[in-house]
Amino acid sequence: MRRFVVALALVAGLGGSGRLALAQKVKSAPFSYLPEQGEDRYNQRVPRKTLALADGSGFVILAHQSGSSYNVERYTSDLKKQWSTTLPIAPGETVEAFGRSADQAWVVLHHADESGQNLTVQPVGLASGTKGTPVVLVTAAATDRRPAVRLSPDGTRLLAYRYETSDQQIRSLVGSLYDQKLTKILDRTYDFRDLGDFFSPNILLANDGTQYVTLLSDRMRRLTVRRYPAAAGATAPTAVLGAPMGGVFESQPITIRDAKFSLLPDGQLYAAALCGNYNTGELTSLKVVRFDFDANRLQMAPELPFSAAYLAETNKATSAQAKRLEDIYLADMLLSEEKNLVILAERHFEEGGPDQPVHARELHVFGYTSFVAPPWHTVVPKDQVAPAIDSYTGIGFRAAVFGEDVQLLTLENIVGKSDLYLRHLQARTGVIGPPQRLKLNVANDQQLAYVKDFTTWLGPKEIIGVSRPSKKSAALQLNEVKLK
């Protein structure tokens, strides 16, 4: 029986002990960062600018320094800077992606001028910060759509691709796959001319180089995935699976309003779709599917309807009186050690205009078992407002999973305390604990105070973040927080 868990001070079951963890700020260091301007304030191409190193020894950071440069920096886990490398950014260039392999950090730059555009990767050695030889990954005509790049989760593969269009419709993608030494493995064309109408083509890249092309098809009513083998000339045929999400129900046209695909640690591809009434825009349900290509089948979860009862439960949790569910977007998908799936959606919106504040409200969190059955869902109330200079980089949330413990980190002002707050949620049961202050005392004014992009976990009890500690200080700090 599905149950609804309100995000109150429910502590039982946290970490098996029922005891609150205390946060202690261990160390801080000065940090230099200039907020990006332009479209990246609203459509971030690099939302994660701190990457933990695979061996646990520390992390690397990509920090915007000026209109013409970024720094790539390596730190130990206790914030000792080991090296800093400056990457000049020429006119017409922007950062497209940031990643790392076992040996190198990768910064992918997009360059565009009247003669054309390209994506070029600048490797930086993790041992010393030495810049390697840049590699041009893909080129495109100046009038073409912006090319794209995808990195595998472990950094062992990189895929860059361009779009081929006809009559302003995407007909195919042309991509090149590289290994972690940036040696080209293959060139491939992903042809969609047999599909008819489709939208939002995207590629997810697995650690072994397998490519999953995801599409919204059938007039925004179907999620379609095509799997391509990792090697050129591989004998395995391209596999195709499609999951119906919309249609006409009780004379009402239901379509996909938002969708998210994720390759998760079990090697499986998962997708979630927020569906809604095409005529009214009102959200009607959440649908979730696991694409099992090895068995050539779909595992569909029971539909979770956004009924009047769900709206009432949301209003109760948030002390609101909303008449409908809106401004909700899929944000993250996590898989626990026991293969329980957790899907997070967030309500966020702008007041209107480029100089107006942006808001991030409650989290809608949905739990599924390893059989893709939905035993629980919950709403986590929060009230976040950020000035236009922050856009969405200072609000929202960060999440990580360790075993069955999902950790949610937010910047909030609770009982007059502006700080980063940590909540623990159990992936199996949906039980959630109260927000715990990290005791950083983040500034609460209309200036830059917290940059979510630099938040990451080095382990279940060690968090790295960037914030400004008080109204009197204009300087950001790089923080290491350890949980007792």
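1. Which residue lies over the face of Y163, and at what distance from the ring centre? R145 does, at 4.6 Å from the centre of that ring. A charge counts as over a ring if NZ of Lys or CZ of Arg is within 6 Å of the ring centre and within 35 degrees of the ring normal.

2. A word on the basis: this is a predicted model, where local features need pLDDT of at least 70, side-chain atom pairs count only at pLDDT 80 or more, and totals for chains, interfaces and linings use all residues. Residues are numbered from 1 along each chain as its sequence is written, and side-chain values use heavy atoms, with hydrogens and water left out.

3. The structure has 10 aromatic pairs. Rings of Phe, Tyr and Trp (its six-membered ring) pair if their centres lie within 6.5 Å; planes under 30 degrees apart are stacked, over 60 edge-to-face, and the rest tilted.

4. Y190 and Y228 form an edge-to-face pair, because their ring centres are 4.8 Å apart and their planes lie at 90°. This pair links distant parts of the chain, 38 residues apart: Y190 is in strand β14 (residues 184–191) and Y228 in strand β17 (residues 222–228). Strands are DSSP runs (E, at least two residues), and helices are too (H or I, at least four), numbered from the N terminus. Both tyrosines, Y190 and Y228, are buried (under 20% relative accessible area, 1.4 Å probe, protein chains only).

5. Y310 and F366 are stacked, since their ring centres are 6.5 Å apart and their planes at 15°. Y310 sits in helix α1 (residues 308–318) and F366 in strand β27 (residues 358–368), 56 residues apart. Y310 is buried at 2% relative accessibility, and F366 is buried at 1%.

6. Lastly, do look at F31, Y33 and F454, which ring pairs link into a cluster.

Methods: Buried < 20%, exposed > 50% of the residue type's maximum accessible area, 1.4 Å probe, protein only.
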